[in-house]
Amino acid sequence: MDAPAGQLSLSTRLAVNGDLPPWAAVIACVLVLVSLGVLVVHELRRRERGGVAIVASGVLALLALLLAVVRPVRIAARESVIGAKVVVLTDTSRSMALPEEPSGKTTRHDVGARALAELAKQSKDARLLALGFGEGAPTPVASKDGEATAPSAPRSDLTSALRALAASAEERPQAVVVVSDGRLDDPAEGASPENLAALGKELKVPIHAIATTRQGPPDASVRRVSAAGAAVAHVPLPLSVEVGCSGGLSCDELTVTARELREDGPPALLATGLSHLKDGKGTVDLSVTLERAGARIIEIAITPPSGDTVPENDRRLLTFVVARERVRVLHVAGRPTNDVRALRQWLKSDASVDVVAFFILRTQSDNPNARQEDLSLIPFPVDELFTEHLPSFDAVVLQDFDAQPYGLEKHLPQLSRYVRSGGGLIMVGGQNSFVAGGYAGTPLAEVLPVSLDDSPGATAADVAPITPAWTEDGRTAPLLAPLREVASEELPQMPGANILGDVRAGGLVLWSHPTRTTRTGAPMPILAIGDQGDGRSIALGIDGAWQLEFSQLGARTSGRGYGAMWDGLLGWLMRDPRFEPGQLDLTSPCVAGEPARLRVRAPDGGRDASGGSAREMVVELRRLDARSGEPDAAPLKVEVPRHAPGATGTVEVTLPPLPAGGYTARLKLGPGPTTRRDFACEAGGDEWADSRPDPDRLRALAAATGGSFRWANDDLALPFPKPAVVSAERHVVPLAPPWSWTLAAAVLLGVHWFTRRRSGLS
Amino acid sequence: MRRTLMCFFPFAFALGVLVFFLPRPARAFGDVGAFDPRALLAGGTTGPARATAAGRWSWELVQRTSAPARLKPSQVRADDAGVVDGPFLWWSGDASVATLSPQEIAGLRRFFALGGVLLVDDAGASDDAGDGRSGASAFGKSAREQIARVLPDTSPIALGPDHVLFKSFYLLKRAEGRVAGPRTLDAIVRGGQTQVVFSSHDLGGALARGATGAWENPVVPGGDLQRERAIRLAVNIAMYVLCSNYKDDQVHAPFLMRRRAGALVP
């Protein structure tokens, strides 16, 4: 609200002529006063006849002389009284939505609004400008329709608001009033008086404070979670969790758990700890290890004691963007071949890849003609690898590997779960791969992007030499763009191919067999990719890819084609943004119950492989922490406008208000694999983490800046500066023409001279 | 007799059904990627000094390891475009080689630029003294000179038993061939990868076996035991070509250290 300016009033007054400088008028007055003094003193000493007449004529003459100099004018003006500008900064952070009193239903925001109205009533002489502060510069608190906006700011940054006021080009306020619960992000709790005083120094005005809340609700909460450093996959991440009890709630200890929300199943427990509280506050250190890179949702929760009235802050949902220091790859090969050699050398040449390799160098039928101790062979630790260590790998490469002789069969369900929970799998062809390796009909076959024929006597391979054909999807797939840049569409002839079935739903065929078809009549996949739950898989049904390096084509391209192909394959598997068909981002943190906006980037504008019509783009939302049977367990589909992507291929879509929880958003561009983004929606978030009000901080702020502190329910009469008077219209009229003043002065001076002569004075 | 056959028939039928239901192996799929000890023809050589050695090398590799190998190895000229069609070349000779032509040098440079491995096997090596000193022949000396022209920025270094070549399949303590020769191999290492291996042991001589099944050359001074160790070295070289430094991986280290400590066989 902005108080109206005072009513205009007409006023008249006398003044010296405008052409006379003020200092000249002052000198004239001083001279006149001095002359009068000399005259009076002189006549008092003389005490002779005619003294009174001399003084009288002298006074008149001096006055006339003075008037001749200043030539007075009459000023008639229209004036108004302008109240002092006072900015009222109302806290609009979400903590203001908490109850004012432990048992009340009135929110702190309601109390603040009432205080603002009362302040306006009591400060009629001041011009109040009500702004809301939260994040960044303050904004008007009233919306377009005049209704007060709900407290929704994710922060309560008073410092930034005051700085913005000081930097503003508009009229500076003469006082600032802060209406808040005192639970501010900035200035922080425990700020020194010097720091608080500095807030008012820039504006050079007092800051008054009105506290809305005296006592917080009975509440146990996760107040703060801080991580020591960035989250890196496979590396333990220390978390410090601060918990608290307030509002008269008694708790000596609280159990804290950290869980990762996963799409493929229930949340996975990462760590748990017990916090012993002292003075209503406690801290527990947890160490969590996140195995998968990318955005991951971690739930930090407490088991609240009875009587807790704010259940929303019993858990925090935090989004950790897990980086990869190095990509850990498990490379298992059934026999050493040129293809195995090429892949190993490429993996070892990449400093960002940490490869653990196991090659079967000897089978039961081989006769090395040596004792065991003369061999450098070690047992293949299949059980250890595929149980204990499997989660620590980002990707598993099974190259020409037969599952049956080496005991991998019993671990295939585990390997399948590993892929669905976010791991990457690449099966590379060869005489022991796919159907020949005994994978058809196994759980692992379910997570391959292609189907495998598990019928008796199924054909495992076609040994006719072939040159794989690029599909339309392969031509536009970002993951094969590096290879196309190096070798265009030229591929070497392969000695044969594994027999693969149709691509599964959600999969994409990038290379296909030039002549052979699947049972449905589609070209047989040679290279296919697909999403599998939280993870991804690739099927490469040839073992001659090494010829991208050693061949005439390889010589022409300096062997770069092989590395370019694997760079794309492994990069796509690891969700490298370079190889994603699209990207998803939240424009701002998601708040439960409020619409969130999602930024969708599709570099090709969602065009199909032929570059023609726009493909259907859908964002599919799924709860990560939904329990089966819950109504929101089903995915929610949000269609992305086809025409919307501009030159940059970016479009924003609005998601409907979501309940608090973890979510995964998948961007589906046509039938192929999706691009995903996990995010969390919290009710309250940081603002509700600590529900206690902090009136002492407001009191200290007011004291440090020369302002006053009031409770919202008290008398809100604050000592604002006095109003200013401003003239709107002005008329200047001389009282007499200048010559008349001069004439009068001359006459009166003459009279005075005559009087003095008659008294015998010179 | 007929009754016996009738009893056997159901079993034979069941076996046939079982065989039918098993997934059919991928016939010959992957032979292109198998180890191929391609003989290099360069510097005037028209063929390897030990013509049967390459086939025997492949046979031994297939018998002893899981690695596939071409039982009929190929030959390639250094100035042929096909020199870059595989990652391994075997240059064997017993006489001085002529100066490599610019085309041959260019071909070999292309091969090395792709990461190929070349074994220079001195078939004329002698071990007259029998004291393990190098008895390089004219081939060995001239081949080194020509390789120095191909890779002028490098020079050979000695590879001892700690190198992965001596543990890529068998644990070996020294290099041996038809002759005992020096205990080490010489090699040119580029970018951390061993790309040229010089053997002064006539490895092919120990491997060469005639059509009658008889070894073509006597192995001195160790006889059959030395020949076995020479075959093992050849297997190790093939495994190194196919697996590169796989056995240098940290995961193998504790096993290999224990075995080295207890190994009795040289």
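Chain A and chain B meet through 53 residues of chain A and 50 residues of chain B that are in contact, where contact means that the C-beta atoms of two residues, placed from the backbone, lie within 7 Å. The model is a predicted one, so local features need pLDDT of at least 70 and side-chain atom pairs count only at pLDDT 80 or more, while totals for chains, interfaces and linings use all residues. Residues are numbered from 1 along each chain as its sequence is written, and chains are lettered from A and ligands numbered from 1 in the order in which they are written.

So what sits on chain A's side of that meeting? Helix 6 (338-349), strand 16 (353-359) and helix 12 (552-556) of chain A are the elements giving two or more residues to it. Helix 6 of chain A has the largest share, with six residues. Helices here are DSSP runs of H or I with at least four residues, strands are runs of E with at least two, and both are numbered from the N terminus. Sorted by class, the side of chain A that touches chain B has 22 nonpolar, 20 polar and 11 charged residues. For that sorting, Ala, Val, Leu, Ile, Met, Phe, Trp, Tyr, Cys and Pro count as nonpolar, Asp, Glu, Lys and Arg as charged, and the others, Gly among them, as polar.

| Domain of chain A | Residues |
|---|---|
| Domain 1 | 13-77 + 735-758 |
| Domain 2 | 84-215 + 693-722 |
| Domain 3 | 219-319 |
| Domain 4 | 328-458 + 499-545 |
| Domain 5 | 583-679 |

Take domain 3 and domain 4 of chain A: their centres, over C-alpha atoms, are 39 Å apart. Seven residues of domain 3 of chain A are in contact with nine residues of domain 4 of chain A. On the domain 3 side of this meeting there are one nonpolar, one polar and five charged residues.

Now for some strands, which count as paired if DSSP finds at least two bridges between them. Strand 22 (residues 507-517) of chain A runs antiparallel to strand 20 (residues 469-470) of chain A, joined by two bridges, and A:W470 stands opposite A:W511. Strand 22 of chain A also pairs with strand 23 (residues 523-532) of chain A, again antiparallel, over six bridges. There, A:V509 has A:A528 as its bridge partner. Strands 22 and 23 of chain A make a hairpin with five residues between them, and A:G521 in the turn has a positive phi of about 95°.

Elsewhere in chain A, three strands form an open antiparallel sheet in the order 25-27-30. Strand 25 (583-586) and strand 30 (650-655) of chain A are the edge strands, each pairing on one side only. Strand 27 (residues 596-601) of chain A is joined to strand 30 of chain A by six bridges, with A:A596 opposite A:L655.

Helix 2 (residues 51-70) of chain A has buried residues, among them A:I54, A:A61 and A:L65; buried means that 20 or more other C-beta atoms lie within 10 Å of a residue's own, with C-beta atoms placed from the backbone. These buried residues pack against helix 1 (22-46) and helix 16 (738-758) of chain A. Just after helix 2 of chain A, A:R71 takes a positive phi of about 40°.

Finally, chain B has seven helices and seven strands. Of its 266 residues, 52% are buried.

Notes: Domains from an automatic or database assignment. Buried ≥ 20, exposed ≤ 12 C-beta atoms within 10 Å, placed from the backbone.
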